[in-house]
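Colleague: I am new to this one and would like to go through it with you. Could you put it on the screen?

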Amino acid sequence: MKVMFKSLLAVLTVSCFYLPVYADPVERTATPELTVPKAMRMLQSHGYHDFRKIKVERDEHEIEVEARNADGHRVEIEMDLFSGKILAVERD
């Protein structure tokens, strides 16, 4: 009986290492939020500067920024919190 138990335990232990593992199809990979410094660098690369107000709206998945555009006009920028895509630019 003891030998049979040890044999069964050995088979179960070895078989555990060879079972295929599948990803859970329901679980989505979480995309990290942009940090404020990274968002500012992205906006600077588009010519925006003189950032005045930065507001992270997590429930709307946006970052709202008051700044100046390349021409020096005050603008309000809405960008996606995850991708950094500029969603809207309104001139003040």
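Colleague: Thanks! In what order do the four strands form the open sheet?

Modeller: A word first: this is a predicted model, in which local features need pLDDT of at least 70 and side-chain atom pairs count only at pLDDT 80 or more, while totals for chains, interfaces and linings use all residues. Residues are numbered from 1 along each chain as its sequence is written, and side-chain values use heavy atoms, with hydrogens and water left out. Helices (H or I, at least four residues) and strands (E, at least two) are DSSP runs numbered from the N terminus, and two strands pair if DSSP finds at least two bridges between them. With antiparallel pairing, the order is β1-β2-β3-β4.

Colleague: Which are the edge strands?

Modeller: An edge strand here pairs on one side only. That applies to residues 49-57 and 86-91, which are β1 and β4.

Colleague: In what sequence do the elements of the protein chain run from the N terminus on?

Modeller: The secondary structure comes to two helices and four strands. Reading from the N terminus, the run is α-α-β-β-β-β.

Colleague: How many bridges join β2 to β3?

Modeller: Strands of a sheet pair through backbone hydrogen bonds, either parallel or antiparallel. Strand β2 covers residues 62-68 and β3 covers residues 74-80, and they run antiparallel. One of the facing pairs is Val65 with its bridge partner Ile77. The number of bridges between β2 and β3 is seven.

Colleague: Which residue in the turn of the β1 and β2 hairpin has a positive phi?

Modeller: β1 and β2 pair over six antiparallel bridges, and Val56 of this pairing stands opposite Ile63 in β2. Four residues lie between the two strands of the hairpin.

Colleague: At about what angle to β1 does helix α2 run?

Modeller: Axes are lines fitted to C-alpha atoms, for helices over the stretch in contact, and angles run from 0 to 180 degrees between N-to-C directions. Helix α2 (residues 36-45) lies across β1, β2, β3 and β4. Its angle to β1 is about 135°.

Colleague: Is Leu43 buried or exposed?

Modeller: Leu43 is found in helix α2. Contact means heavy atoms within 4.5 Å, and beyond four places in sequence Leu43 is in contact with Tyr48, Phe51, Val65, Ile77, Met79 and Ile86. Buried means under 20% relative accessible area, exposed over 50% and partly exposed in between, with a 1.4 Å probe and protein chains only. Since its relative accessibility is 1%, Leu43 counts as buried.

Colleague: How far apart in space are Tyr48 and Ala70, C-alpha to C-alpha?

Modeller: Tyr48 lies in the loop between α2 and β1, and it counts as buried because its relative accessibility is 12%. Leaving aside neighbours within four places, its contacts include Leu43, Arg68, Asn69 and Val89. In sequence Tyr48 and Ala70 are 22 residues apart, and in space the C-alpha distance is 5.8 Å.

Colleague: Which side chain of opposite charge is nearest to Glu64?

Modeller: Glu64 sits in strand β2; Lys and Arg count as positive and Asp and Glu as negative, while His and the chain ends are not counted. A salt bridge is a side-chain nitrogen of Lys or Arg within 4 Å of a carboxyl oxygen of Asp or Glu. Glu64 is buried yet has no salt bridge. At 4.9 Å, the nearest side chain of opposite charge is that of Lys55.

Colleague: Last one: what share of the 92 residues counts as buried?

Modeller: Accessible areas come from the Shrake-Rupley method with a 1.4 Å probe, and for residues only the protein chains shown count as cover. The accessible surface of the protein chain comes to about 7,500 Å², of which 58% belongs to carbon and sulfur atoms. The buried share of the 92 residues is 21%.
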